[in-house]
Amino acid sequence: MKITFLGTSSGKASTKRFHSSILFSSENNNLLVDAGDGISRALVCNGIKFNSIDGILFTHLHPDHFSGLAALIVQMKMMNRIEPLQIFIHESLIKVVKEFLVRSYLLPEKMGFEIHYERFKDDKPFNITEKFSFLARKNSHLSDLEKYRTKYPSLSLYSGSFLFESVDKKIIYTSDIGSEEDLLLFSEIIPDLFISEVTHISLLTLLEKIKILKPKTIYLTHYSDEEIPKLSEIMANLPNTLKEKVILAVDSLSFDF
Ligand SMILES: [Zn+2]
């Protein structure tokens, strides 16, 4: 398995960095996790062909994670895609995604390829391939919007954190979270890799929780340009035992795992 950070920025736009998105590549599958604003350019910059993407998994529908979908599908169409595209989406969000594509004039009749909606439920393992699966658990990232449900009854408020399993490797990806408790959503698992956002949670809090989680390696993502000096300072002062374990991911960082 190869992991590529296509973007590591938070919701803040940057001249040099793209919004958070990760590509999981295994021998016969390329899974894109999130496709926010600018994802098509991020793929071009990383030399990844649009139609090499087999599926897109959405953690939640904030624009820095979702709003590049329609533009990316247009690129796929322009490159004469034939193979179906899988969209892995929580069951509560499927209607929103379908409607978004229709409203972007991406009608199934005009597409030239099919979109297969792979709806997942919370806490139910989902096999992407024989050797690669994921499990989603709802986090509290969107909890503060619950109070608007009465005014906007069609609001779908799902945001997930994920456990990916590839053969004997376990990867936890927090995606965007709402509280430090969300870091412990998979606390029964000791992951090989723990990928955490550091915008809605401070690095110091994360480092405290890491003592419980005991991952082998930790990658930090989803941070703004303005946060880099502070993050770098904390990283520089880490004890040696943690220095090798905690890595600040940067755009285009790619490694075999
Ligand atoms: Zn975000």
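This is a predicted model: local features need pLDDT of at least 70, side-chain atom pairs count only at pLDDT 80 or more; totals for chains, interfaces and linings use all residues.
Residues are numbered from 1 along each chain as its sequence is written, and side-chain values use heavy atoms, without hydrogens or water.

**Zinc site**
- Asp 64 (OD), His 65 (NE2), Asp 176 (OD) and His 222 (NE2) coordinate the zinc ion at 2.1 to 2.2 Å.
- Donors are N, O and S atoms within 2.8 Å of the metal (3.2 Å for Na, K and Ca); water is not among the atoms, so sites may look incomplete.
- The arrangement is irregular because the 4 donor atoms subtend angles of 89 to 167° around the zinc ion.
- The donor spacing in sequence is D-H-x110-D-x45-H.
- Asp 64 lies in helix α2 (residues 63-66) and His 222 in the loop between β12 (217-221) and α7 (228-236), so this pair links parts of the chain 158 residues apart.
- Helices (H or I, at least four residues) and strands (E, at least two) are DSSP runs, numbered from the N terminus.
- Both Asp 64 and His 222 are buried, meaning under 20% relative accessible area with a 1.4 Å probe, protein chains only.

**Sheet**
- An open sheet of 7 strands runs in the order β7-β8-β9-β10-β11-β12-β13, with mixed pairing.
- β7 (126-129) and β13 (246-248) stand at the edges with a single partner strand each, so one side of each has no neighbour in the sheet.
- Two strands pair if DSSP finds at least two bridges between them.
- Strand β11 (residues 193-197) runs parallel to β12, joined by 5 bridges.
- Phe 194 has Ile 218 in β12 as its bridge partner.

Conventions. Four donors count as tetrahedral if all angles lie between 85 and 135 degrees; four count as square planar and six as octahedral if opposite donors are over 155 degrees apart and all others between 65 and 115; anything else is irregular. Buried means under 20% relative accessible area, exposed over 50%, partly exposed in between (1.4 Å probe, protein chains only).
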